[in-house]
Amino acid sequence: MPAVSKGDGMRGLAVFISDIRNCKSKEAEIKRINKELANIRSKFKGDKALDGYSKKKYVCKLLFIFLLGHDIDFGHMEAVNLLSSNKYTEKQIGYLFISVLVNSNSELIRLINNAIKNDLSSRNPTFMCLALHCIANVGSREMAEAFASEIPRILVAGDTMDSVKQSAALCLLRLYKTSPDLVLMGEWTSRVVHLLNDQHMGVVTAAISLITCLSQKNPDEFKTCVSLAVSRLSRIVSSASTDLQDYTYYFVPAPWLSCKLLRLLQCYPPPEDGAVKGRLVECLETILNKAQEPPKSKKVQHSNAKNAILFEAISLIIHYDSEPNLLVRACNQLGQFLQHRETNLRYLALESMCTLASSEFSHEAVKTHIETVINALKTERDVSVRQRAADLLYAMCDRSNAKQIVAEMLSYLETADYSIREEMVLKVAILAEKYAVDYSWYVDTILNLIRIAGDYVSEEVWYRVIQIVINRDDVQGYAAKTVFEALQAPACHENMVKVGGYILGEFGNLIAGDPRSSPLVQFNLLHSKFHLCSVPTRALLLSAYIKFINLFPETKATIQEVLRCDSQIRNSDVELQQRAVEYLKLSSIASTDVLATVLEEMPPFPERESSILAKLKKKKGPGAVSVTDLEDSKREGGELNGGGERGPDTSAMAASNAVSQLSTGKQLLTSLIVLALMQMSFFCQSTPSPSADLLGIRAGPPVGTAPTSAGSLLVDVFSEAGPAASSAAVNDDGFLRFVCKNNGVLFENQLLQIGIKSEYRQNLGRMYLFYGNKTSVQFASFTTTVSCPGELQSQLNVQTKPVEPLVEGGAQIQQVLNIECLTDFSDAPLLNIKFRYGGALQNLTLKLPVTINKFFQPTEMSSNDFFQRWKQLSQPQQEAQKIFKANHSMDTEVLKAKLLGLGAALLDNVDPNPENYVSAGVIQTKGQQVGCLLRLEPNAQAQMYRLTLRCSKDSVSRRLCELLAQQF
């Protein structure tokens, strides 16, 4: 490019920049900029025409002001005028301004395109390069439409200078990335490919970037580039550092071009031409040989360039996977890097060896480095390197070394970084299952896994061990004995209790002959863990207890006493209470034959692919390189339960059934209890009832397990719920339906169903929200926010637990809300849900059904006490009364059910008029207790009600009256 003369220094620009730098405050800077903008504006609008130098100077000032962060709304036309100048410096500033400030929608784009065309058609290489740079920098579709057909002609023209060819190739690459449909090579394809033979290395380097991008999209069209790329690579690899002096970097000839050529070859399979393939193999061998040579320089730039080529060559060898000798040599070369002092090289070596481990030719060679990799897992300071070491151990594992690798990974788990523990647990579980020959070893491994890292053992892992134990008769006794011994530890993880409860409930009879593990000892051991466990685990243990009654009749009295105690049949958790009551009835009334049929041993599960692999892939995240993606190419393997046909991954459903079947789903259990009560000696398959708990609110598999198909997903199980349209505004359609009930479907549309289950005790409440994806498409960026508007922040305390950001198609997730009533309130908290469905943002806001009556504690009162208290609450402000027309049928049972659902005690034989209903209760808040009395007087003839509420606090009377008047 021409040298800038001394007169082009633009002293005015230098002075302006100096003034800006000398400003002491932001205000001073803005004042100086505004002054300069006013001066430039007056110059542009003045009668006196500006020369090219002045235009260039003022446009430069505008560009500098823009770069300082200030908006520029004029000067564009002057910049366009500079494009027609014949001076390089003026044209350069014009193009720079346009590249930075002009967008593709500008009205000046046509003028700019005309100026660019003029420069492209000129024979001045400097002006052509400026125009090409501008096209690439703007890169808009309008630019592509105008010049996509012109640039290939410039690129392949014989009289185009090398510097212009470089710019043209990179400009075309930019347009192809932004508008691939407009860049059609067609007749230019072969001539572009032949640029790989160009004598100028810069042209080849630029052209290969373009060809690689084009080959990825249209490999067949550009397959002739393979032989040319091999030829060019051969010339570079066989040349000495002195042969390519201008392109030698720290004694490494053309390292960037070499890497690009190797990367291009990875777009294609091995060459079919024997001569080309032989030449390529020779190149790769030469690269591996040079890596063994002593370094020609001690500087890091030399080793970086040399290693960059080596790793690209190894990537190509792995990609071809057809040269055993090269694969083994690559493995040995990488093995040397495993103990290199440079952390990045150790990381890259481990990552590349993970891929080599999947090849049948190099798998054995990778296994020779097992001790080095184990040492890296134990001693590396960088957690990312330790994670790659764990990946490599997982990849190199086979039947010959599985026990050693699993033992080392278990040992490492005790001190592993928390960020990789969950992934390590999944890998140990997969390897133990995949390569287990001795099933007792598998059971020991999983139980040891739960002991060491119980918090990181997902449900899929312990579901799977249950599934395998049930399917293998030869391991059931050993599993029962081992889990019994594990439960005797003073500190026992809850997942161990779950596994123990399930296995002993099914197979405890296999070890009952030993006095040390007699039925009563087994029961006492399990029950000693009961009070320390969460609600789902307690529910599972209750199911195990009823199984014990079937297995060991001698324990019946002891277990019935446990089920009969107040902590069970009056439990605040509806699920535990219902199980205790139903199991107690079943054990008391059903005959021995009926009981044996209801509680028979679980049948074997159908063979399915393990869901743990799918969870591990999900854990890696989309697009991440994972050794699990290479499982299909492993030489050895086979599922632990082998022989089953591999279908889609439905084992999440199978695993959830493992719990739901032991837990005895409500629909089946209720049917069986009814039959038992009728003392029937045979059973029939019960048909799904309208109240079947398909949302998973009451029992069954944990939330989040996928159903078998999207078609059977999330059926509305609550008759009152209907579909509602999604809206960004507050949706309170379902709010009033929950004043007198706690469970049901809060919201449903074509995408999402939201189920709710809540329980309250004194001034505390817990709400479970179930979000079900009704589609087959994943919900991304799924977030929920609960807010208390206005005064509600000081009246209600709501704590939420976060939800998973991804909701798979046909899946369901759960969120728990803890609620504390601080004082009486009238508003309701808002639930905002945001997620992306098919790229579109969905936004939904709902009113959560948290009302003041949820904190009612029922109070039993006699007739005299009721009316005495009624007279005490006689102040006008304490009473709220409303007379209204009936909105629903005036059915007696419906009215009673709604009043009971309100939360207060429904008092019989209190009111002198038997047609009237009265209730009494105390609303519990953190600050005070509010006594409430209710009287509902129906008039069936007039289809009218009179509702009267008297409370010790007037605001509560009014709010309850508003809520209840809409319920009848």
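Visitor: In which helix does L540 lie?

Guide: Helices are DSSP runs of H or I with at least four residues, strands are runs of E with at least two, and both are numbered from the N terminus. L540 belongs to helix α29, which covers residues 535-551. This is a predicted model, in which local features need pLDDT of at least 70 and side-chain atom pairs count only at pLDDT 80 or more, whereas totals for chains, interfaces and linings use all residues. Residues are numbered from 1 along each chain as its sequence is written, and side-chain values use heavy atoms, with hydrogens and water left out.

Visitor: Is L540 buried or exposed?

Guide: A residue is buried under 20% relative accessible area, exposed over 50%, and partly exposed in between, with a 1.4 Å probe and protein chains only. L540 has a relative accessible area of 3% and is therefore buried.

Visitor: How many residues separate L540 and G501 in sequence, and what is their C-alpha distance?

Guide: The two positions are 39 residues apart in sequence, while their C-alpha atoms are 7.0 Å apart in space.

Visitor: What is the composition of the protein chain in helices and strands?

Guide: The protein chain holds 40 helices and 17 strands. Of its 968 residues, 52% are buried. Among contacts (heavy atoms within 4.5 Å) with a separation of 6 or more, 69% join residues 24 or more positions apart.

Visitor: At what angle do the axes of helix α7 and helix α10 cross?

Guide: An axis is a line fitted to C-alpha atoms, for helices over the stretch in contact, and the angle between N-to-C directions runs from 0 to 180 degrees. Helix α7 (residues 125-138) and helix α10 (residues 162-178) have axes that come within 9 Å and cross at roughly 15°. Angles under 35 degrees count as roughly parallel, over 145 as roughly antiparallel, 65 to 115 as roughly perpendicular, and the rest as oblique. Helices α7 and α10 are therefore roughly parallel to each other.

Visitor: In which hand does α21 pass α22?

Guide: A crossing is left-handed if the near helix is turned anticlockwise from the far one by less than a right angle, and right-handed if clockwise. The crossing of α21 with α22 is left-handed. The axes of α21 (residues 383-396) and α22 (residues 402-413) come within 10 Å and cross at roughly 155°, and the two helices are therefore roughly antiparallel. On the α21 side, R386, A390, L393 and M396 meet I405, M409 and Y412 of α22. That contact has 6 nonpolar, no polar and 1 charged residues.

Visitor: How do α24 and α25 cross, and which residues meet?

Guide: Helix α24 (residues 439-453) and helix α25 (residues 459-471) have axes within 11 Å of each other that cross at roughly 155°. These helices are therefore roughly antiparallel, and α24 passes α25 in a left-handed crossing. Y442, V443, I446 and L449 of α24 meet V461, R464, V465, I468 and V469 of α25. The classes represented are 8 nonpolar, no polar and 1 charged.

Visitor: Where is S781 placed, and what is its phi?

Guide: S781 sits in strand β7. Its phi is positive, about 50°, although S781 is not a glycine. S781 is partly exposed, at a relative accessible area of 45%.

Visitor: Which residues does T783 touch?

Guide: T783 is also found in strand β7, residues 779-787. Leaving aside residues up to four places away in sequence, T783 touches N832, I833 and K834. T783 and K834 are 51 residues apart in sequence, with 5.4 Å between their C-alpha atoms. T783 is partly exposed, with a relative accessible area of 41%.

Visitor: Where is F251 found?

Guide: F251 is in the loop between β1 (248-249) and β2 (252-253). F251 has a positive phi of about 70° although it is not a glycine. With a relative accessible area of 43%, F251 is partly exposed.

Note on methods:
Ala, Val, Leu, Ile, Met, Phe, Trp, Tyr, Cys and Pro count as nonpolar, Asp, Glu, Lys and Arg as charged, and the others, Gly among them, as polar.
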